[in-house]
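Please examine the sequence and the three-dimensional structure shown here. A short briefing on the fold and on some individual residues follows them.

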Amino acid sequence: MKLTAEDLKTFLKDVVNVMEENKDYLSELDRKLGDGDHGVTMSIGWQAINEKLEGELQSEQDCGKICITAGRTFLSAVGSSVGPLYATGFLRGGKVFQNKSELTDKDLKDFWVAFIEGVKDRGKAEVGDKTMIDTFQPALESLTSNFDKTNDFPSAFLQAVSDGEAGMKSTKDLLSKRGRSSRLGERSLGCQDPGATSAFLILSSFLTTINSVQTV
């Protein structure tokens, strides 16, 4: 498949909308585990990206510049720990897309590998810590494994999102080991992690974008 710079911007816009729709839900999840502001934080970061999409990125065709601007903008807008994580993801992924206005299956696979590895390198969390990595790591392993077999990004990413969703749901049964929620101990059981949930929303938004491109 081929994805254009306009499709990439559509994806980012989709995330803006999805985060607004789920802002209260994400904050509600966070109230059970943290300080209750995860939805607001994600909204602030993505609304800042939206301003760039409607401003300086409106005619930008370099997919690398679009991602790098998104990462830097998110970092500037969001002061919490999630800011540097997503910023690193977008900056690493942006290098894959540099000087490209059209993206191939391999480009897309390489972007998500770089993006998730960037988040992991910055955050130092592991599967089982009850964080966004419980969504991202299963998605990453699934994507690389299936893409290596088929070289077909859409089908590999579809399975990756499904495996990421299973990882997100698994956080209900985990004890928090990172951040403020780690102080809750046993009380963190039964609550789905808000960071794992917003990570899944980002992945599922990209799936929506590639599905819409395929049906055009």
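The points below proceed from the whole chain to single residues. This is a predicted model, in which local features need pLDDT of at least 70 and side-chain atom pairs count only at pLDDT 80 or more, while totals for chains, interfaces and linings use all residues. Residues are numbered from 1 along each chain as its sequence is written, and side-chain values use heavy atoms, with hydrogens and water left out.

**Overall fold**

- The protein contains 9 helices and 2 strands; helices (H or I, at least four residues) and strands (E, at least two) are DSSP runs, numbered from the N terminus.
- In sequence order, the elements follow the pattern β-α-α-α-α-α-β-α-α-α-α.
- The radius of gyration, taken over C-alpha atoms, is 16 Å, close to the 17 Å that the globule rule gives for 216 residues, so the protein is as compact as a globular protein of that length. The globule rule is 2.2 Å times the number of residues to the power 0.38.
- The C-alpha trace spans about 50 × 40 × 30 Å along its principal axes.

**Burial and contacts**

- Of the 216 residues, 54% count as buried; buried means under 20% relative accessible area, exposed over 50%, and partly exposed in between (1.4 Å probe, protein chains only).
- Among contacts (heavy atoms within 4.5 Å) with a separation of 6 or more, 71% join residues 24 or more positions apart.

**Helix α7**

- Helix α7 covers residues 133-150, which is 18 residues. From its first C-alpha to its last, helix α7 reaches 25 Å, close to the 26 Å expected at 1.5 Å a residue; the expected span is 1.5 Å times one less than the number of residues.
- Buried residues of α7 include Ile133, Phe136, Leu140, Leu143 and Phe147.
- Asn151, which follows α7, has a positive phi near 60°.

**Positive phi in two loops**

- Most residues other than glycine have a negative phi.
- Asn99 is not a glycine, yet its phi is positive, about 65°. Asn99 is placed in the loop between α5 (82-97) and β2 (102-103), and it counts as exposed at 69% relative accessibility.
- Lys130, also a residue other than glycine, has a positive phi near 65°. Lys130 lies in the loop between α6 (105-123) and α7, and it is buried, with a relative accessible area of 3%.

**Thr10**

- Thr10 belongs to helix α1 (residues 5-21) and counts as partly exposed, at 36% relative accessibility.
- Thr10 and Gly71 are 61 residues apart along the chain, and their C-alpha atoms are separated by 16 Å.
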